[in-house]
Amino acid sequence: MAMKKLLCLAALLVAATGMKAQEQAAHQWWVKPMVGGTYSRPAGSGMDNLEYKLGLTAGAEVIYQPPRQEVFSVSGGLLYSQQGYKVNTSSNMTMSLNYLNIPLLMNFRLSDGLTLKIGLQPACLLASNASFKLMGQEMSLDMSDGHETWNLTAPVGLAFNTGAGVVLDFRYYIGLSNIESSEMTLAGQTIQNEGSRGRHSVFMLTLGYQFNL
């Protein structure tokens, strides 16, 4: 009789363990809302007089971890990002470039809480605006025609998960495509943009909260 009870108890424990394993296997999707800041400027020849500009970024990412995989995962997201640069001249011009970024990342867990992230990020230009001073007056000029609608960068970064779902994420974005158009129209005149047109160089630091779907 005692042996029968032990076998029943063992069967219940095995069933409970199997249910727990199935529950854990089902939790392979996460969502991470995130907010933070950017520090950006173009890189390339002829860009030495440009200074870094601070901006804001916010959005969310979805993370997928394949079954029975503890090291590798992939993620994709949408991030609104304020980027651009400053020109160190008497006009103190600031170029504001606002993007919808689409980070597509491969994630490799290096240790408990620490993850390496690499991938590609297409971005769509939402707005481009130059603000400056002219004869003591604050001026603003729409520069969307002078910038490429789409560009591509390669993000590389590290993320630290505190274990309570809070994630600190640092990334550097290496520009792979030109920011500016090869020509633009200004005051009815077509202007050719020859030589280097700059590529993004962006540092980004965000704070996010990651939870199971």
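Tutor: A strand here is a DSSP run of E, at least two residues long, and strands are numbered from the N terminus. The model we will read with these labels is predicted.

Student: What is the mean pLDDT of the chain?

Tutor: The chain has a mean pLDDT of 84, with 79% of its residues at 70 or more. Residues 1–24 stay under 50, and the model gives them 0 contacts beyond four places in sequence.

Student: How many cavities of 30 Å³ or more does a search of the whole structure find?

Tutor: The general idea is that rolling a probe the size of a water molecule over the atoms shows where empty space is left. In this structure the search finds 1 cavity of 30 Å³ or more. The largest cavity has a volume of about 50 Å³.

Student: How much space lies in the largest pocket?

Tutor: About 610 Å³. Of the 29 residues that line this pocket, Trp30, Gln65, Arg109, Thr115 and Gln210 are the closest to its centre. The lining of the largest pocket comprises 10 nonpolar, 13 polar and 6 charged residues. At least two lining residues come from each of β1 (29–43), β4 (72–87), β6 (104–111), β7 (114–134) and β9 (150–161).

Student: How many bridges join β6 to β7, and do they run parallel or antiparallel?

Tutor: β6 and β7 run antiparallel and are joined by 7 bridges.

Student: How many bridges join β4 to β6?

Tutor: There are 5, and β4 and β6 also run antiparallel. Here glycine 76 stands opposite leucine 104 in β6.

Student: Is histidine 147 buried or exposed?

Tutor: The cut-off for buried is under 20% relative accessible area. Histidine 147 has 4%, so it counts as buried. Histidine 147 lies in the loop between β8 (137–142) and β9.

Student: Which residues does histidine 147 touch, not counting those up to four places away in sequence?

Tutor: Histidine 147 touches Met95, Leu97, Leu125, Ser128, Ile179, Glu180 and Ser181.

Note on methods:
Residues are numbered from 1 along each chain as its sequence is written. This is a predicted model: local features need pLDDT of at least 70, side-chain atom pairs count only at pLDDT 80 or more; totals for chains, interfaces and linings use all residues. Side-chain values use heavy atoms; hydrogens and water are left out. On a 1 Å grid over the protein atoms alone, a cavity is a set of points where a 1.4 Å probe fits but cannot get out, and a pocket is an open set with protein on both sides within 12 Å along at least five of seven lines; lining residues have an atom within 4 Å of a point. Grid points are joined across faces, edges and corners, and a volume is the space filled by probe spheres set on the points. Helices (H or I, at least four residues) and strands (E, at least two) are DSSP runs, numbered from the N terminus. Ala, Val, Leu, Ile, Met, Phe, Trp, Tyr, Cys and Pro count as nonpolar, Asp, Glu, Lys and Arg as charged, and the others, Gly among them, as polar. Buried means under 20% relative accessible area, exposed over 50%, partly exposed in between (1.4 Å probe, protein chains only). Contact means heavy atoms within 4.5 Å. pLDDT is the predictor's confidence in each residue, from 0 to 100. Two strands pair if DSSP finds at least two bridges between them.
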